[in-house]
Amino acid sequence: MAATTTATHSTDFQEQRMKSIKDFDETKAGVKGLSDSGITTIPSFFIHPAENLAKSSSKSTLSIPVIDLSQLHSDDHKPKIVEQIHQAAKTWGFFQVINHGSPVSVLEETITAVKTFHEQRSEVKAKFYRREEGRGVMYASNNDLYRSKAASWHDSLQVWMAPEATPENEIPEACRREVVQWDMHAKKVGEAVLELLGLGLGLESGKFKDLDFCGTRVFVGHIYPYCPQPDLTMGITSHTDPTMITVLLQNQIQGLQVKHGEEWVDVKPLHGGLIINIGDMLQIVSNGEYKSVEHRVLANSNRESRISIVMFMNLSNSAWKESAEGGKYYGPLPELLTPENPPVYRDFTLQEHLDSFYTKGLESKSLIDKITLIKRDN
């Protein structure tokens, strides 16, 4: 009888939780709407387990590497930059680039435009609110709201830029020009960094560009508004990115943390800098030489919103292996494999990659864990 009662209570709790989530979702106002309403306690479905919050404050004095690209086209300096990026990608999986060629004015315009979009009235933003991922424009709170164990305190504007570009007139007017402009600049930075990463692996110049490693690009403009109970929730939970690389632009409100060894390290944004991180796909492509590492964002305790603009970059449909039946497969680049450096990961299909991301909540390395053949110390 007791077991039946417990099961009934559990079912009732889950039903109530899902109703609360659905009610929140249908307001189309996101956490920005909750924050603006002046609430002093957050809804229960935003509360995370204590074990996920216990180590939220960082006591580390470490910081991610900062790499100056101003001498990128100098034959004397380029080898040094290649080595710096190789080591950063191998040991940290994160680094910050300065003097990358994108004007500071463009960075600031992009941040301002995304902030402007999110600070519009809820009814203005609501027409973009939906949960159909994979194309076009999607404004929502928590893309994994119905899949995650606990919601996080952020809203996002997502715009697909490639391979199928969203028509400009469908991008919200508040940030339309800036989104298109930033895609152009972020792509240039991404391609330059990928070129250096390829050279760091000993690959021929242009290899990653030929494979169209920036062929899929998604612009995501996050807002982390003030949270009245930041110790009970997260801005974004710990995860790795499923991409090749991610180019990150943010305002000066801190919150991003990177896991380095067993420590969580605060990332201090440099004015005019861009943060680059290695994604799961590049870890696989490099046969484990480069590392995709866990990162997270703390809930924002500042009255000013934290703005974070992410450009996810991934390969398009170009695969380097095909089955006899014509199926396309991905895996470690064949050029990097030798008897002394056998494949760490098995080959996989694009559908496996998509399923590992879209069928569960935000998490770390679900695809990598699934396809690993040889365990290595990360």
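Which residue in S5 is the bridge partner of Ser156? The partner is His222.

## Basis of the model

This is a predicted model, in which local features need pLDDT of at least 70 and side-chain atom pairs count only at pLDDT 80 or more, while totals for chains, interfaces and linings use all residues. Residues are numbered from 1 along each chain as its sequence is written, and side-chain values use heavy atoms, with hydrogens and water left out.

## The eight-stranded sheet

Eight strands form an open sheet in the order S1-S2-S10-S7-S12-S5-S4-S3. The pairing is mixed. Two strands pair if DSSP finds at least two bridges between them. Strands (E, at least two residues) and helices (H or I, at least four) are DSSP runs, numbered from the N terminus. Neighbouring strands are turned by 20° against each other on average, direction ignored. Within the sheet, S4 (residues 155-162) and S5 (residues 216-224) run antiparallel, joined by seven bridges.

H4 (residues 78-91) touches S1, S2 (94-98) and S10 (274-278). Contact means heavy atoms within 4.5 Å. The direction of H4 makes about 160° with that of S1. H5 (residues 104-118) touches S3, S4, S5, S7 (245-250), S10 and S12 (306-314). Its direction makes about 65° with that of S5.

## Where two helices cross

The axes of H4 and H7 (residues 176-200) come within 8 Å and cross at roughly 85°. That makes H4 roughly perpendicular to H7, a label for angles of 65 to 115 degrees. Axes are lines fitted to C-alpha atoms, for helices over the stretch in contact, and angles run from 0 to 180 degrees between N-to-C directions.

On the H4 side, the contact includes Ile81, Val82 and Ile85. Leu196, Leu197 and Leu199 are among the H7 residues they meet. H7 has 25 residues and reaches 36 Å from its first C-alpha to its last. Just after H7, Gly202 takes a positive phi of about 85°.

## The four-stranded sheet

A second open sheet has the order S6-S11-S8-S9, with antiparallel pairing. Its edge strands are S6 (234-239) and S9 (263-266). Neighbouring strands here are turned by 30° against each other on average, direction ignored. S8 (residues 256-260) and S11 (residues 295-298) pair over three bridges. Val258 stands opposite His295 in S11.

Definitions and conventions:
Parallel < 35°, antiparallel > 145°, perpendicular 65-115°, else oblique. Expected span 1.5 Å × (residues − 1).
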